[in-house]
Amino acid sequence: MRKQRPSITLNILVLVGALMMVFPFLWAFVTSISPGAGLSATPQLIPENPSLSAYAELLQRLPFAQIVLNSLILAILTTVFQLVTSSLAAYVFSRMPFKGRNAVFAVYLATMMIPMQVLVVPLFVEMKSLGLIDTYLGVLLPGIASAFGVFLLRQAMNSVPLDLDQAATLDGAGHFRIFGLIVLPLVRPALATLTVFAFLNSWNSFLWPLIILRTPAMKTLPVALAGLQGQYTTQWDIVMAGSVVSVLPMLALYIFTQKYIIQGVAGTGLK
């Protein structure tokens, strides 16, 4: 029995932690089906008169299908571009030695410490000079590369034995064949991890789309949901209905890729 106590205690702690993580999502869902619910008090976990009227009102107030499609397209394109640029850059930093490689990599990683708020003004001036204000390309361009993605994939590629590269070189393979046929298949967990992170960051992006996009029909989901909050009063059941809908794509993506995410994070030494 003594040997089982630590296991039971650990399971209880994990269960409590899981409940703490799940409760905000449960609270949002309960609020969305509780007409007239507010934020001043925690709603009952089992509403007396549950209703989906908030979801119906949400569809009436916003061109919701178009807004979700806008966010989905931008998130998918951002994810694809980050996978391509990050994997190519990571391969160069991992497999192709050149003078000053570590210094360049360190400088590139240092850009992760610069908050987006500091870059908003110069990025806006740049997009304005290119004529990309109120365009999806203007939203997309600043996010096509990711220092975190390069770091994540470089760490994963460093774990791939160089002997495989040398054997492929003896068979006449060049860098592109080694990159596409040998290295990439072996770092699939890290690619899946980057896919989720890139999609999540783009899907939840608020500040940059708010600044660049002006046309209401071009808004992304976070910007549109922020517009539901009134100056004096806010119908929180409708806001929470939109929040619940916005979580579903990310939840589905994580469920399908969770095995690879765990492998990728463990394999690259991230905590």
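On the surface, L69, L72, I73, I76, L77, V80, F81, V84 and L88 make up a nonpolar patch with about 700 Å² of accessible area together, where a patch joins nonpolar side chains within 5 Å from residues with over 30% relative accessible area and no salt bridge. The model is predicted, with local features needing pLDDT of at least 70 and side-chain atom pairs counting only at pLDDT 80 or more, while totals for chains, interfaces and linings use all residues. Residues are numbered from 1 along each chain as its sequence is written, and side-chain values use heavy atoms, leaving out hydrogens and water.

Two pockets are compared below; a pocket is an open set of points on a 1 Å grid with protein on both sides within 12 Å along at least five of seven lines, and its lining residues have an atom within 4 Å of a point.

| Pocket | Volume | Lining |
|---|---|---|
| Largest | about 1100 Å³ | 25 nonpolar, 12 polar, no charged |

Of the 37 residues lining the largest pocket, Q82, M116, P142, G143 and A145 are the closest to its centre. Helices including α3 (64-95), α5 (116-129) and α7 (147-158) each supply at least two residues of this lining, and α10 gives the most, with 6 residues.

The second largest pocket has a lining that includes F25, F29, V244 and L248, and the elements giving two or more residues to that lining are α1 (4-32) and α13 (236-267).

Methods:
1 Å grid on protein atoms, 1.4 Å probe; cavity = no way out; pocket = protein on both sides within 12 Å on 5 of 7 lines; lining within 4 Å. Points joined across faces, edges and corners; volume = space filled by probe spheres on them. Helix = DSSP H or I, 4+ residues; strand = E, 2+ residues; numbered from the N terminus. Nonpolar A, V, L, I, M, F, W, Y, C, P; charged D, E, K, R; others polar. Patch = residues over 30% accessible without salt bridge, like charges linked within 9 Å, V, L, I, M, F, W, Y side chains within 5 Å. Areas by Shrake-Rupley, 256 points an atom, 1.4 Å probe, with all protein chains shown as cover. Salt bridge = Lys/Arg side-chain N within 4 Å of Asp/Glu carboxyl O.
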